[in-house]
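I opened the notebook to go through one model from fold to single bonds. Below are my entries in the order in which I looked things up.

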Amino acid sequence: MGTEDLWIYIVAMLLFCDCSASQFSYSISEEMNKGTVVGNIAKDLNLNLQELHNRDLRIVSSHSKKYIEVDLRTGNLFVNDRIDREELCPGAAQCFVRIQAVLSNPMSVHRIDVHVLDVNDNSPKFEEDLHILKISESVAPGEKYFLPEAVDLDMGGNSVKTYTLSPNEYFTLDVQNGGEHGVSAELVLHKALDREQQPIHELTLTALDGGKPIRSGVLHIQVVVMDVNDNTPVFSKSLYKVRVSENAAQGSVVIKLNATDLDEGLNGKIAYSLIKRGNNDPANIFNLNAETGEITVKGSLNYEETPAYEVRIQAMDQGLSPRSAHAKLLIEIADVNDNAPEITVTSLMTPVKENAELGTIVALVTVSDKDGGNNGVTNCKVVGSGPFKLKSNYKNDYSLVVDGALDRENVSLYNVSILATDGGSPPLSTKRIINVHISDVNDNPPRFMEPVINVYVKENTPSGYSLCSMNAVDPDLDANAKVSYALLDNAHRNIPISSLLNINSESGDIVSLQSFDYEKLKTFQFKVQATDSGVPPLSGNVTVNVFILDENDNSPTILAPYSEHGSVNSESVPYSAEAGYFVAKIRAVDADSGYNALLSYHLSEPKGNNNLFRIGTSTGEIRTKRRMSDNDLKSHPLMVSVCDNGEASLSATVSLDVMVLESTADIHHTQFRHVPIKEESFSDLHLYLLIAIVAVSLVFLLSLVTLVVFKCHRQTEGHFDRYGAPMITTHPDGSWSYSKATQQYDVCFSSDTLKSDMVVFPTPFPPVEAELISINGGDTFTRTQTLPNTEKVG
């Protein structure tokens with residue numbers, strides 16, 4: 001329960017309960033020890049100790065501390081906490097501790113006032129330890145000066161009663177008793193002062209209280225004798241010199257001036273000031289403390305702008321008739337390395353030709369530094385790698401010159417870094433980048449991507465057909481890179497190339513001026529020259545091989561003896577002929593090559609022949625399919641068609657009448673031109689064919705060896721072929737195959753003296769399974785499936 005709640009409780013009990021109340025008073029001195037007995041409440045209330053317990057005696061106080069408590073064993077009131085009268089009742093004449101003694105059963109409340117008596121436990125005290133009086137030496141004796149009063153927290157007789165002054169010959173003390181208002185004292189000048197004899201008088205004022213024992217307080221009085229202004233301030237030097245760094249911070253002390261004045265007080269108190277001269281106001285840069293004479297940095301110092309300041313200063317006293325003195329202050333600004341070198345390009349000769357000679361001047365460079373001494377000494381150089389260097393001209397003037405070969409096609413722009421460093425500590429540096437452009441000269445001829453270009457064109461292509469487009473690259477610029485194309489007019493088989501082809505000089509497109517016939521012209525070669533527009537112009541050549549691709553534009557031609565117009569083609573077969581009997585052999589040739597010259601033979605019979613005859617698809621040999629019967633006709637008209645393998649296929653036909661004779665003798669006496677020969681017999685024709693095949697094979701073998709040697713030689717130059725070594729394969733039928741890795745050359749030729757072809761199937765078409773096909777009665781060639789883009793050599 002709090003103090004306020006307890007008082008409310010007590011008041012309520014007094015109002016609503018039948019209770020009695022009384023008042024008691026006790027006295028006690030302050031600062032008594034804890035446990036000191038104040039009085040016996042049991043005796044004053046006429047209660048025995050048992051009743052104190054039974055009625056629950058309690059002490060209630062409104063103070064924050066419980067100064068007084070009760071001992072229920074004895075009934076004594078005792079000091080429970082320190083009682084300080086000056087703290088409890090500050091400034092009061094009388095001081096009481098008011099408490100209540102509360103009893104229950106029945107309820108009763110008794111007021112108790114404990115009078116706290118003052119003891120002399122506080123000494124008189126002045127608010128200041130030292131009191132200074134300034135008295136002019138011209139003041140006459142009898143002058144009075146008020147002195148500070150001492151304060152004593154005690155009351156009554158324990159308060160301040162009187163003052164005393166230390167003995168001296170110049171001053172006396174006048175003490176006045178103000179009754180209730182206390183005691184005061186005044187200092188009286190007893191003798192005239194002389195500052196020259198004694199400028200300061202030290203006095204002691206003592207305050208005494210009325211307690212026992214007496215307590216006192218002391219105040220020191222310093223009497224300063226004021227002088228009259230009869231002396232002028234004097235500087236310690238007429239010229240002050242000081243050195244200050246230009247990076248000195250604001251507030252940094254420059255110098256502390258020193259001027260003296262023999263006078264005292266205001267007459268000797270000096271005020272310092274800066275003197276403005278014309279437009280030069282040193283107060284903008286420096287700050288002068290008027291009292292201490294300390295000069296500090298106010299503005300920013302810059303050695304490069306003002307290396308020194310000449311300042312006029314004044315010292316003036318503060319007398320009624322002030323006196324002043326003047327001096328000169330020279331402030332030198334010490335240089336600091338606070339300025340980095342400056343790089344200036346006075347002249348830039350750009351762009352620079354890529355064929356510029358060593359030592360060619362690119363730019364003129366000047367380096368400067370605002371600092372002085374070593375801080376302004378600079379060193380300049382080119383940093384990084386590049387074909388440039390700095391050449392010193394005079395002191396801080398340099399020339400940037402070419403120091404290596406330039407090639408615009410490799411580097412067209414150089415960012416040249418120039419670094420300038422001064423000699424300060426630490427050193428400062430500046431880097432500047434100069435952009436040097438390299439101009440082009442015509443030092444690169446046009447180049448084709450490959451030295452040889454192979455072009456394939458089908459025969460019978462109409463004139464105006466675009467064979468290919470030339471593209472030459474020139475790494476130069478503008479006119480030096482503008483390429484024009486031209487045909488080098490050489491002749492092929494006495495035919496000028498300009499009559500076969502035309503080239504667009506700007507685009508490089510090559511178009512044909514006529515249609516090509518593979519059977520007349522299989523391949524030709526020419527050169528294209530690319531020339532730039534530089535001065536002088538440069539050029540480059542490329543060789544172009546044109547390969548004419550065969551088209552199926554020739555029909556098969558039947559060879560003799562079945563090729564004569566208007567003749568009757570007849571053959572005889574004996575009735576006794578066995579199956580497989582040789583009747584006739586149809587031979588045909590085709591002016592085309594390759595698949596377009598690959599012939600196949602087909603036989604058609606009337607419906608009544610009952611399929612008595614058959615023909616070899618690849619050989620053209622007509623033979624019987626079975627023996628003759630009585631139901632067979634005596635005359636068999638046959639129609640043989642010869643078709644090539646082109647797209648679309650072309651064909652030729654021949655009619656043949658086969659007569660069936662009863663006896664072999666009749667066959668010998670027949671008037672037919674073509675006598676059938678048994679398949680097993682070896683005729684003179686076969687001998688001729690064999691000799692022709694061997695001769696052609698030898699010629700072909702020599703040609704093939706020459707071709708292989710030529711190919712290998714061209715391979716080392718990267719001309720036609722870039723693959724492995726070739727392989728030649730012979731076939732049982734006398735044909736040859738020429739292969740190189742993924743490239744295969746298959747050969748076909750005819751035994752007929754009218755035509756002998758070699759067909760070559762080059763890269764990049766891979767070889768497939770070959771089929772041996774026989775034509776013209778036993779002659780064979782190898783058939784290989786390829787794409788139309790082939791090279792053919794006749």
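**Entry 1: a proline loop.** I began at proline 536, which I found in the loop between strand 41 (523-532) and strand 42 (539-549). I took helices (H or I, at least four residues) and strands (E, at least two) as DSSP runs, numbered from the N terminus. The peptide bond from valine 535 to proline 536 is cis, with omega near -5 degrees. I then went to alanine 560 and proline 561, which are also joined by a cis peptide bond, with omega about 15 degrees. Proline 561 sits in the loop between strand 43 (557-558) and strand 44 (570-574).

**Entry 2: ground rules.** The model is predicted, and I kept to its limits: local features need pLDDT of at least 70, side-chain atom pairs count only at pLDDT 80 or more, and totals for chains, interfaces and linings use all residues. Residues are numbered from 1 along each chain as its sequence is written, and side-chain values use heavy atoms, with hydrogens and water left out.

**Entry 3: positive phi.** I noted that most residues other than glycine have a negative phi, and most peptide bonds are trans. Aspartate 56 is not glycine, yet its phi is positive, near 55 degrees. I located aspartate 56 in the loop between helix 3 (49-54) and strand 3 (58-61). Lysine 395 also has a positive phi, near 50 degrees, and lies in the loop between strand 28 (388-394) and strand 29 (397-402). For accessibility I used these classes: buried is under 20% relative accessible area, exposed is over 50%, and partly exposed is in between (1.4 Å probe, protein chains only). Aspartate 56 is partly exposed at 40%, and lysine 395 is exposed at 63%.

**Entry 4: whole chain.** I counted seven helices and 58 strands in the protein chain. Of its 794 residues, 43% count as buried. A contact here is heavy atoms within 4.5 Å. Among contacts with a separation of 6 or more, 65% join residues 24 or more positions apart. The accessible surface is about 42,100 Å², and 52% of it belongs to carbon and sulfur atoms. These areas come from the Shrake-Rupley method with a 1.4 Å probe; for residues, only the protein chains shown count as cover.

**Entry 5: cores.** I looked for nonpolar cores (sets of buried Ala, Val, Leu, Ile, Met, Phe, Trp, Tyr and Cys residues joined through side-chain atoms within 4.5 Å). The largest has 27 residues, and Ile41, Ile68, Leu77 and Ile112 have the most contacts inside it. At least two residues of this core come from each of strand 1 (20-29), helix 2 (41-44), strand 4 (68-71), strand 5 (76-79), strand 6 (95-103) and strand 7 (108-117). Strand 6 gives the most to this core, five residues. Another core lies apart from it, with 26 residues, including Phe448, Val457, Ile503 and Leu521.

Which residues does isoleucine 41 touch, not counting those up to four places away in sequence? I listed Phe24, Tyr26, Leu57, Val70, Gly75, Leu77 and Ile112.

In strand 7 I also checked histidine 115. The C-alpha atoms of histidine 115 and serine 27 are 4.4 Å apart, though 88 residues separate the two along the chain.

**Entry 6: charges.** I took a salt bridge as a side-chain nitrogen of Lys or Arg within 4 Å of a carboxyl oxygen of Asp or Glu. The count is 16 by this rule. Glutamate 310 forms one with arginine 312, with the closest N and O atoms 3.7 Å apart, and one with lysine 328, at 3.8 Å. Glutamate 310 is in strand 22 (residues 308-317) and lysine 328 in strand 23 (residues 324-334), so this pair ties together parts 18 residues apart in sequence.

Lysine 634 and glutamate 662 meet in a salt bridge at 3.1 Å, N to O. Lysine 634 counts as partly exposed at 40% relative accessibility, whereas glutamate 662 counts as exposed at 54%. Arg98, Arg111 and Asp113 are linked in a network of salt bridges.

Last, I turned to glutamate 186 in strand 12 (residues 183-189). Glutamate 186 is buried and has no salt bridge; lysine 144, the nearest side chain of opposite charge, is 4.1 Å away. For that I counted Lys and Arg as positive and Asp and Glu as negative, leaving out His and the chain ends.
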